Each structure stands twice: as structure tokens, then as C-alpha cells.
Amino acid sequence: MKAPASARPAVFLDRDGTMIEDVGYLDRLDRLAWFPWTVDAIRALNRAGLPVVVVTNQSGIARGFFTEAFVDETHRHMTAALAAGGARVDAYYYCPHSAPGSAPDDARRCDCRKPGRGLVDRAARDLNIDPARSFVVGDKWLDVELGVRIGGRGILVRTGMGAAEERRAPADVKADAIVDNLAAAASWILRNLSAAI
Ligand SMILES: [Mg+2]
Ligand SMILES: [Zn+2]
């Protein structure tokens, strides 16, 4: 898919372990815990004019741990909390399917579970984004791999599962940066943005 000339670079953020604590399956709003730097980091990306888009695997839906309505409610709650700090996520996209072989649904045909690029391609159409000039930030190698697959850049953060992930780096996926947290990732993106615009 070739992006139109007007398409913009964006920052794709993983949710659990990257913006908020990874609590396993987030199934109640009272378990949602922000990292203290998340609002400031997203506001900095907003000020640079970069669309900020959440892309998250939520297989807890397929597994029956929570509903799509709950995920939507969670994202409305996050939107309000970010707005209170002057920050904005432009859109949220989630894969409701389970990992192939892990539950009795049709996940093997799903193209949206990361590292599949389905969520990014949907966002690219909706928001006029050029994936190949974009960044993916997450706490798992599948997030970095998504960055590679879209021809953009992948950044691993050490929050959430990130520190453990760093110790078991796959042979075939290389991060453009490995940093402590989303604040450092945002700084890295802003430093490296000139090459993307
Ligand atoms: Mg994560
Ligand atoms: Zn999916």
C-alpha cells in the first residue's frame, strides 16, 4: 500500500506496559495505573504535530475476560485523563482476537493482532498516516516487529514486559532504540523526527 504524498508520520503506541502498567488482563477500571510520565510524553508528541495512535492486542475479549464495550469504556476513561493533562490520543485501535491456537476463534485469519499490520493500515486510511515514516513504541518485541513490518521504526521500552524482553532479543528483529520508558521514547522520536518529515 503506497501512502498518498500528503500522508503524515505518526506515533503508534502500545497500551499495556507502555502507557499504563501491565496488570495482566485489564478487566476493571480501578486496576488501571498510569505511568507518571505518560501524559507529559504524549503532550510533547502532540505539540510536535504528530498524530498519536494506540494499537493494542486485547485477546481478553476473545477469551471472555472482558467485553469490547469495556475496552471502549477504558479508552474513554483514558481520553478524559489525558485531556485533564492537556494531552490527546488521536485514535485507539485494538485487536479483539486471540493468539493463533490459544482459543476457539478464527484468530488464524486475523490480520490485526500485532505484529500484524492490520491496525496500522486501518489508522493510516482513517487519519492519512504514512506508516513507513512512523514510529511504533511498545514493551514487547512484537511491537518492535510491527515497526519493522510497516517500514517505520520500532522502539522497545523497558517498562512492563520490556526489561524481560530485552534479555531475550530475537535474532531476526532489531530495535531502532531501546529506552527506559515512554518519556525517553518520545524524546528519541523528537530527536529523530527530522529524518521522518
Ligand atoms: Mg504491551
Ligand atoms: Zn485481530
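**Note on the salt bridges of the predicted model**

1. Asp14, Lys114 and Asp143 are linked in a network of salt bridges, a salt bridge being a side-chain nitrogen of Lys or Arg within 4 Å of a carboxyl oxygen of Asp or Glu. Over the whole structure, the search finds 13 salt bridges.

2. This is a predicted model, in which local features need pLDDT of at least 70 and side-chain atom pairs count only at pLDDT 80 or more, whereas totals for chains, interfaces and linings use all residues. Residues are numbered from 1 along each chain as its sequence is written, chains are lettered from A and ligands numbered from 1 in the order in which they are written, and side-chain values use heavy atoms, with hydrogens and water left out.

3. Arg15 and Asp16 join their side chains in a salt bridge, at 2.6 Å from N to O. Arg15 is buried, with a relative accessibility of 1%, and Asp16 is likewise buried, at 13% relative accessible area; here buried means under 20% relative accessible area, exposed over 50%, and partly exposed in between, with a 1.4 Å probe and protein chains only.

4. Between Arg28 and Asp30 there is a salt bridge whose closest N and O atoms lie 3.0 Å apart. Asp30 is exposed, with a relative accessible area of 62%, while Arg28 is partly exposed, at 47%.

5. A salt bridge also connects the side chains of Arg158 and Glu166, with 2.8 Å from N to O. Arg158 counts as partly exposed at 30% relative accessibility, and Glu166 is partly exposed too, with a relative accessible area of 30%.
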